[in-house]
Amino acid sequence: MSRTRFGVGTGTITVILTLLGWSTVPLLLRDLSESVDFWTNNGWRYGASALFWLPLVLHAWWMRRLPSRIWRDALVPSIANIAGQVAFTAAHHEVGPGMVTFGLRTQLVFVAIGAWILIPAERGVLKSRQYLGGAALLVAGLMPILIGGEVGGRGAPPGGSVSLGIALSIFSAASYGAYGLAVRRNMTSYHPITAFAVICQITALGLIALMLVFGRDHGMYVPQLSGQVLASLAISAFIGIAIGHVFYYISIAKLGVAITSGVLQLQPFLVSAASYFLYGERFTWWQWTGGMTAICGATLMLAAQGAGSRKLAMASTEGSD
């Protein structure tokens with residue numbers, strides 16, 4: 001009993017830290033958008049995160065616990081992660097943080113489409129009334145937000161394009177959905193921390209290469225920036241990429257995917273509330289209503305998926321007896 005309580009307590013702490021950390025990152029990216037181009041932003045932040053994880057990868061390699069095929073298996077997830085990261089950071093140069101995070105909720109729709117194609121065992125869950133009803137609520141709730149756009153304030157950087165920002169956030173959601181599916185398909189045989197550490201190395205190489213080609217002054221101007229900007233880069237890299245994923249994986253291990261994902265659905269509301277006070281980013285009452293409807297739909301989808309996973313696990317266990 002004490003172990004169970006300890007596990008739940010640890011998971012509760014880590015999922016709250018994950019939620020707070022990942023809610024802070026969009027606000028930091030909004031600040032950085034006025035002084036650092038998104039190519040450079042990605043290159044430096046992921047480069048720093050890769051250095052953070054490099055000792056673990058080297059240790060696993062030295063102890064001969066790093067299969068050579070892991071690099072091949074991590075390639076597709078890394079490419080999807082690179083695409084999602086580029087679009088996600090670029091979106092903060094066009095619209096406010098609240099709009100970006102609500103746009104990312106469309107990820108569940110793309111995951112459902114990809115799972116239907118790639119994972120036949122989950123089709124029973126995906127066509128259930130609860131899952132389809134949740135998906136309908138998610139899409140219907142997001143429509144007022146994405147179509148209505150921003151209604152005022154300084155949420156979007158100067159010269160930003162709302163339509164482009166929304167398109168980038170949706171493309172990012174699709175890429176992150178593909179990333180998640182690729183991880184499930186290619187990386188389940190590896191320890192999740194090792195898998196992410198390897199993916200982080202490949203992702204960093206790709207983003208640094210893009211920075212050197214497309215970044216302003218090839219990204220070499222960053223050391224000359226103010227201490228405040230450098231601190232924002234470092235903090236967003238640490239809590240958003242390096243340590244944030246550790247807390248995320250611990251939360252999944254202690255609480256399960258459904259509960260962890262459900263708690264993280266609160267992110268758009270925390271980001272939007274903070275963005276209102278920091279930048280004056282505002283949504284109308286019907287956009288807030290739509291947002292709450294979308295989160296309710298997402299929760300139904302996650303609950304249906306969790307119930308379906310448990311049924312599959314029980315069926316597998318009974319079949320092995």
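This is a predicted model: local features need pLDDT of at least 70, side-chain atom pairs count only at pLDDT 80 or more; totals for chains, interfaces and linings use all residues.

Reader: Is E34 buried or exposed? And R30?

Author: E34 is exposed, at 53% relative accessible area. R30 is buried, at 2%.

Reader: How many salt bridges are there in total?

Author: The count is 3.

Reader: What does R216 pair with?

Author: R216 pairs with D37, and the closest N and O atoms are 4.0 Å apart. R216 sits in the loop between α10 (192-214) and α11 (227-242), and D37 in the loop between α1 (2-32) and α2 (38-62), so the bridge ties together parts 179 residues apart in sequence.

Reader: How exposed are R216 and D37?

Author: R216 is partly exposed, at 41%. D37 is buried, at 12%.

Reader: And which residue does D73 bridge to?

Author: D73 meets R72, at 3.6 Å from N to O. D73 has 15% relative accessibility, so it counts as buried. R72 is exposed, at 59%.

Reader: New topic. Where is I82?

Author: I82 is in helix α4, which covers residues 75-91.

Reader: Buried or exposed?

Author: I82 is buried, because its relative accessibility is 16% and the cut-off for buried is under 20%.

Reader: What does I82 touch, sequence neighbours within four places aside?

Author: I82 contacts I202, T203, G206, L207 and L210.

Definitions and conventions. Residues are numbered from 1 along each chain as its sequence is written. Side-chain values use heavy atoms; hydrogens and water are left out. Helices (H or I, at least four residues) and strands (E, at least two) are DSSP runs, numbered from the N terminus. Buried means under 20% relative accessible area, exposed over 50%, partly exposed in between (1.4 Å probe, protein chains only). Contact means heavy atoms within 4.5 Å. A salt bridge is a side-chain nitrogen of Lys or Arg within 4 Å of a carboxyl oxygen of Asp or Glu.
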